[in-house]
Protein chains: 2
Amino acid sequence: MTPRIDPRMTRSRAAVLSATLELVAERGIPATTVEAVAERSGVAKTTIYRQWPDRAALVLDAFDTILAPPVDPDTGTLRGDLLHLITALADALTTGPAAALMPALIDAAQRDPAFAALHRREAERRHHVVLHAITRGVHRGELPADTDPADLLDLLAGPLFHRRLISTAELTRDFAERTVDLVLRAHTTPPT
Amino acid sequence: MTPRIDPRMTRSRAAVLSATLELVAERGIPATTVEAVAERSGVAKTTIYRQWPDRAALVLDAFDTILAPPVDPDTGTLRGDLLHLITALADALTTGPAAALMPALIDAAQRDPAFAALHRREAERRHHVVLHAITRGVHRGELPADTDPADLLDLLAGPLFHRRLISTAELTRDFAERTVDLVLRAHTTPPT
DNA sequence: GAACTTCGCTACGCCCGCGTAGCGTAGTCT
DNA sequence: AGACTACGCTACGCGGGCGTAGCGAAGTTC
């Protein structure tokens, strides 16, 4: 059924995608030329064009390879779940390979429909786990029944992105934990 | 003393900068070519090069022209000040001319030192007013004395940016108000 | 109205990236 | 071993953007 894949293709494919991600992180999407990818990866330019129709398809495909859907920790408590998820986000935004790619993807998503779709799909995949943990907390009674999970998500993740992309302050795990605790405190006390 | 500025220069300068911002918003920074600016503005390419040494200087200068430092509302209460500032941010991120420029600036700031400096300067200018309002609230006793203003800033502005750049949900003034109230509630109730 | 300055225009030279064609070579499957 | 397939390489044609030079026309200053 599966028509035997030539190991040479998978080898060159991996090298090209890896080099592409490196270059996008360094120079941004528009400056990531096929010729630069060829040089960096050691794969000939013509070989690249044998596997991808054009430059856009290559870059899109490269972004596709770094999707690491987070695992639902399900620690038993809302706070435990959120601490896992949000500190993992903090790590991804600072040390992870996606850290340098994120601004490029955000910018590209503003104009190119293909990147917009990819960005939306990636975000939903990430958010899905968090939303699930939140609704679980609501059902457990750890959050009021009228809690809006989407609001809560922005309140939790937003401060981390803001630190990373706008503020000059350093994004630490400690900050992530403070954010979780603060948001939970606001939601578990009755409005004044 | 002031050496009389030829009105023709100011006219062409304004047209060029305006066209540059339009194009950056539409296509992004790298795709904003001098020739496209010339066509859009109606100013000849050679005339552009008479006022700016190269493309980078032109784009930098264009970004410089849209800095509208927010005014300190000083309504008398912390909540009043923050509502003014944060809803103004929500407006700027959605309808303002800077809305479409922000992602491009963020991306450019990751790699180009000149854009990084401009981005940092712009952010500090915006944040300064908010930080001032927060410390005023601390002195008034509306916030605990050990409040970290920088933390609070990220908690307030972050969710708005996250909605605008990452989530698919719409960024409304109502969301901005909810964010302010929630962050204030968390800070004005004793930790459990 | 005369000197000065900015303007628009045409025409460059240069570099670089895109995507393609054709070839010989080296690795892969059976 | 033999057929097959992906590979690297060289060489293109093409388009497009950068930044410059030189000119005459139009606007500005005094």
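In this predicted model, the C-alpha centres of domain 1 and domain 2 of chain A are separated by 29 Å. Domain 1 covers residues 7-65 and domain 2 covers residues 67-187 of chain A, the bounds being taken from an automatic or database domain assignment. Across the boundary, nine residues of domain 1 of chain A are in contact with nine residues of domain 2 of chain A, where contact requires that the C-beta atoms of two residues, placed from the backbone, lie within 7 Å. On the side of domain 1 of chain A that touches domain 2 of chain A, α1 (7-27) and α4 (55-64) of chain A each supply at least two residues, and α4(A) gives the most, with four residues. This side of domain 1 of chain A consists of seven nonpolar residues, one polar residue and one charged residue; here Ala, Val, Leu, Ile, Met, Phe, Trp, Tyr, Cys and Pro count as nonpolar, Asp, Glu, Lys and Arg as charged, and the others, Gly among them, as polar.

Chain A as a whole has nine helices and zero strands, these elements being DSSP runs numbered from the N terminus (helices: H or I, at least four residues; strands: E, at least two). The C-alpha trace of chain A spans about 65 × 45 × 30 Å along its principal axes. Of the 192 residues of chain A, 37% count as buried, a term applied to a residue when 20 or more other C-beta atoms, placed from the backbone, lie within 10 Å of its own. Among the contacts in chain A with a separation of 6 or more, 60% join residues 24 or more positions apart.

An unreviewed UniProt entry annotates residues 33-52 of chain A as "DNA-binding region", although such annotations may be inferred rather than shown by experiment. Over residues 33-52, chain A is 75% helix and 0% strand, and the end C-alpha atoms of the segment are 13 Å apart.

The contact between the chains takes 37 residues from chain A and 37 residues from chain B. On the side of chain B that touches chain A, the elements giving two or more residues are α6 (101-109), α7 (113-140), α8 (149-165) and α9 (173-188) of chain B, and the largest share, 11 residues, comes from α8(B). This side of chain B divides into 19 nonpolar, nine polar and nine charged residues.

Residues are numbered from 1 along each chain as its sequence is written, while chains are lettered from A and ligands numbered from 1 in the order in which they are written. As the model is predicted, local features need pLDDT of at least 70 and side-chain atom pairs count only at pLDDT 80 or more, whereas totals for chains, interfaces and linings use all residues.

Conventions:
Buried ≥ 20, exposed ≤ 12 C-beta atoms within 10 Å, placed from the backbone.
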